[in-house]
Amino acid sequence: MKIRALANTGIELSCVGLGEMPLSLSTRPDEAQAISVVHAAVDAGMTWIDTADVYCADHRDIGHGERLVTTALKAMGDSGKDIVIATKGGLERPGGNWTVNGHPDHLHSACAASLRSLETDCITWYQLHATNPKVHFTESVGALARLQEEGKIQHVGLSNVGVAEIQAAREIVNVVSVQNRCNPFDRDSFNSGVVAFCTRENIAFLPHSPVGGHKGHIRTPEDSVLCAVGARHGISPYQVCIAWLLALSPKMLPIPGASRIESARSSAAAAATSLTQRDMEDLARAFPTV
């Protein structure tokens, strides 16, 4: 699989990573199948996995995704040792709901729990999961900067942010990535200038839900343009979504989720598709990004 850099970190990653969330929510597959999906993704060329402490069923299950990935990679022996794990903190799951908590105290305790779940003394790549309207954004980012100074995390990323937040965070800490929802139907990060900013400033952009997300993905196989482009290349419309994102910026690192082996392999294979000028023109008309 093609390789892309994680900003200025010296870390090189497969251009497509595995989104772990579907393997840990209440609708998750059993552990054996989940582990087989992780193994399939790595075997297909993915060298990094995106997870979070709140990828779980509810508050009693915090850290499920992190523990799952750790278990799956340990089972692979040497081939699992070099896989990069990106995780996140800043949300909670009371009763299975999703709530924001960007308070520095919470981020410090969440990071400590993630260190235990990942069985490490330093997390390679830690992301602020969301902005908290009740906590000043710079306080949340400052907490991550302190965790970095303490040697508990190596690199800092942001999630669900706009350009203003990225700029404010960069005054405090080196931001290596931004993770926002982005796909042909959800193009806010293009229209708001986030993708252009990341591309210009050498910040990795991680489009989550790149084929439409848990609910939105049903639109993808129904779209005539995605299907037509896919037919020209002998690939699925889902694979077209991933190839399209990769073609729009050299800083793109899509993280399609998967709960089946076939989905992980299909997403990895999408990285090999080179869309033509005609493809890109057809897609631009259907899904304008400016």
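Here are questions and answers on a predicted model. Local features need pLDDT of at least 70, side-chain atom pairs count only at pLDDT 80 or more, and totals for chains, interfaces and linings use all residues. Residues are numbered from 1 along each chain as its sequence is written, and side-chain values use heavy atoms, without hydrogens and water.

Me: How many helices and strands are in the protein?
Reply: Both are DSSP runs, numbered from the N terminus: helices are H or I, at least four residues, and strands are E, at least two. The protein has 13 helices and 11 strands.

Me: What is the radius of gyration of the protein?
Reply: It is taken over C-alpha atoms, and the globule rule is 2.2 Å times the number of residues to the power 0.38. For 290 residues the rule gives 19 Å, and the protein comes close, so it is as compact as a globular protein of that length. The radius of gyration is 18 Å.

Me: What share of the residues counts as buried?
Reply: Buried means under 20% relative accessible area, with a 1.4 Å probe and protein chains only. Of the 290 residues, the buried share is 54%.

Me: Which residue in S10 is the bridge partner of Ser159?
Reply: S9 (residues 153-159) and S10 (residues 175-181) pair in the parallel sense over 4 bridges. In S10, the partner of Ser159 is Gln179.

Definitions and conventions. Buried means under 20% relative accessible area, exposed over 50%, partly exposed in between (1.4 Å probe, protein chains only). Two strands pair if DSSP finds at least two bridges between them.
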